[in-house]
Amino acid sequence: MRKNQIRLKKNNSRRFPNNSILKNLIFIVGIIVGSVQPSSALDAQDHYIRGNEYLYNHQYSEAILEYKSALKLNPYYKSAYLNLGKAYQAKRLFKDATASYKKAISLDENYVEAYINLARCYELQNLLSRAKINLEKAIRLDPVNPEAHFYLANVLYKNNKIKNSIDEYLQTTKIDPTYFQAYLKLGSIYLKDFEDDKNAIYYFNLAKKTNPRNETSYLKLGELYFQKGLFNKAISEYKKAVELNPTNPVALTKYGLLYLTIGEYKNALPIFKKLIELTPANSLAHYTLGIIYEKSGMFDDALNEFETTLSLDTNDEVALFREEQIILEFNRLAVDSPLRKKDSEKHLISAENYLQEGFLTLATFEFKKSILLDPQNPNTRLALAKLYELIGRKQLAIDELIKVVELTPTNLEAKDRLERLYFEDETSLVKKEKIDQIPVSEIDLVVCAYPSNPIHFEMEEITLRILRSILNQFPHITLTEGGLILNDEKEIIDVGRKLKAEFALALKINETEQRIDINAELIDLKTVKKILKTQLPVRGKDKLIKALTFLAEKVINTIPTQGVIMRLADDKVIINLGKIHGLKPDQILEVWKREGELDPFTQRIKKPESIGKIKVVAVEPEISKALIITPMTLKFIGINDVVKLP
């Protein structure tokens, strides 16, 4: 034994000539193994705990740093990888989140929570098949994991596998009867996808029973009762939601809007005041409070709220419309007031910009708005007169120029333009034929909207009013009645026919803070065919007015142009169609007998029928002369016969 020890010592001496160095190395290694490793393990756990605190408080960047520190000290810390993925995912850094979850799974292939979170990460990226695979893995590992079934149900629903998703939500509640969110999802599916109010109410009530301290189920029930017109029940649910969470802006908004909708402005007022206390920069809350004041007859307070709305969101066209409505319709401010001047200047700048861009319809609308607010500004009127000349509306140009000269008698440009237009007017077909009045277009249009759920209260009414103002600029159509909000297509057709309109324009308005979507259908009320279907998504500044202008132009280009015979002399006729209707010299038009006239031979109401053709020989802005080119037409043609573009 002794000899072996001596031999070993000699061998070591050959490897390490300096025995003192060996002793020092052994001492250092002992310190590292005995002291440093346990200390590092504790530090990693400390970083992990701090990271969790940051994650809980939504301080994701700080959480990421702490988890990374933990992993640097302990690269096998699977929980740190899992929570690092959650922090990345919260910052929408999906690539990093995916890598972290996969690392956690590589350390533990049975890590159910990592599979679930990886699936959620894929779901957020709309990678639904990958999400489904990982959730199914989690369920194979843990068949009674309620979260795995719940998130699988979400993925199936997004994949439009609605019945399968219901099965998974039910399985979730079977495993965990207290799984509140699953009941909410079931209620929402039955309400939205099946329009099954009974089952929706059943599951929302189960959610309420499961978690009576959470306001969400009360809000869902309140909204359902609101849509059904059960206002007392809706009030009860919304009231409870607000009691449970008095600082929930969604609950306050819905509760206040319900009172506003049913006209209980006194009850709505304190709710929106409270909402503004909690969220003073909430422009929509100020807008809605403005409406409450307006409907309560408190116009000065309403103006203040609309001004505040516009200071918070300068692009809020609807708030600007409400503000100007109070000024113009309720005559709340003098013509020379600073607010009227300021709003008029806004519209003038917009009009000039649209004119430069070639948007003539938009420019006309904005010039007219500017003049309504500041009618004594001769420069705006002169600009509008020039625009009317450009688009061929000479009489309207003359009217504006007369007002310019009245406001500024020394304005030589206005006088020169007026004299030239007067001369052209004196030599026109209207004067030659001694026509006192040109009849309006023969096309009657009714404009309607379906009820929607926009972010601005009364958005549908305001949209219809603006659209009607734009459509009134076109001579091609006559608008019947006011804008109507109707429930379905059948109701629109019935109402349109009762109003004796020929066409109905039906809108659905979808509004978000970033964009407006106008879905429109133009219906021929005789044939009940949709002759135009269009969707207009518009973002950015002036999105509503742009969407409605583009829509108006599409409608005008779709509706057939038709007029009437105004004057008849031998084989020549005067018709109430001209350049502004798109007529050109040498164009061929059809002449039709009007529907509804009594046939003198059969004593029956005539059906509309084509009786011949005419050729345009002279075109003026609102009137034209044409020559009959089908000989038999001379026997049948008469005053008020209909003229159509073929």
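**View 1. The second largest pocket takes up about 1200 Å³.** Here, a pocket is an open set of points on a 1 Å grid over the protein atoms alone where a 1.4 Å probe fits, with protein on both sides within 12 Å along at least five of seven lines; lining residues have an atom within 4 Å of a point. Its volume is the space filled by probe spheres on the points, which are joined across faces, edges and corners. Of the 48 lining residues, Arg393, Leu396, Pro475, Ile580 and Glu622 sit closest to the centre. Elements giving two or more residues to this lining include helix H22 (394-407), helix H27 (543-558) and strand S7 (562-569), while H20 gives the most, five residues. Helices (H or I, at least four residues) and strands (E, at least two) are DSSP runs numbered from the N terminus. By type, the lining splits into 22 nonpolar, 16 polar and 10 charged residues. Keep in mind that this is a predicted model: local features need pLDDT of at least 70 and side-chain atom pairs pLDDT 80 or more, while totals for chains, interfaces and linings use all residues. Residues are numbered from 1 along each chain as its sequence is written, and side-chain values use heavy atoms, with hydrogens and water left out.

**View 2. The largest pocket holds about 1400 Å³ of space.** Look for Glu223, Phe226, Ser452, Asn453 and Pro454, which lie nearest the centre among its 34 lining residues. Helices H10 (180-192), H12 (216-227) and H25 (459-471) are among the elements that give two or more residues to the lining. The biggest giver is H14, with six residues.

**View 3. Lys254 and Glu223 meet in a salt bridge, at 3.4 Å from N to O.** A salt bridge puts a side-chain nitrogen of Lys or Arg within 4 Å of a carboxyl oxygen of Asp or Glu. This pair ties together distant parts of the chain, with Lys254 in helix H14 and Glu223 in helix H12, 31 residues apart. Lys254 is partly exposed at 24% relative accessible area, and Glu223 is partly exposed as well, at 26%. For these labels, buried is under 20%, exposed is over 50% and partly exposed is in between (1.4 Å probe, protein chains only).

**View 4. Glu413 and Lys386 pair up across the chain.** Their closest N and O atoms are 2.9 Å apart in this salt bridge. Glu413 belongs to helix H23 and Lys386 to helix H21 (residues 378-390), 27 residues apart. Both ends are partly exposed: Glu413 has 34% relative accessibility, and Lys386 has 33%.

**View 5. Asp517 and Arg515 form a salt bridge.** Closest N and O atoms here are 2.7 Å apart. Asp517 is buried at 9% relative accessibility, whereas Arg515 is partly exposed at 27%. Elsewhere, bridges with shared partners join Lys386, Glu389, Lys394, Glu413, Arg417, Arg420 and Glu424 into one network. The whole structure holds 32 salt bridges.

**View 6. Lys434 and Glu458 each have a positive phi without being glycine.** Lys434 has a phi of about 55° and sits in the loop between H24 and strand S1 (443-449). Glu458, with phi near 65°, lies in the loop between S1 and H25. Lys434 is exposed at 68% relative accessible area, but Glu458 counts as buried at 18%.

Key: Ala, Val, Leu, Ile, Met, Phe, Trp, Tyr, Cys and Pro count as nonpolar, Asp, Glu, Lys and Arg as charged, and the others, Gly among them, as polar.
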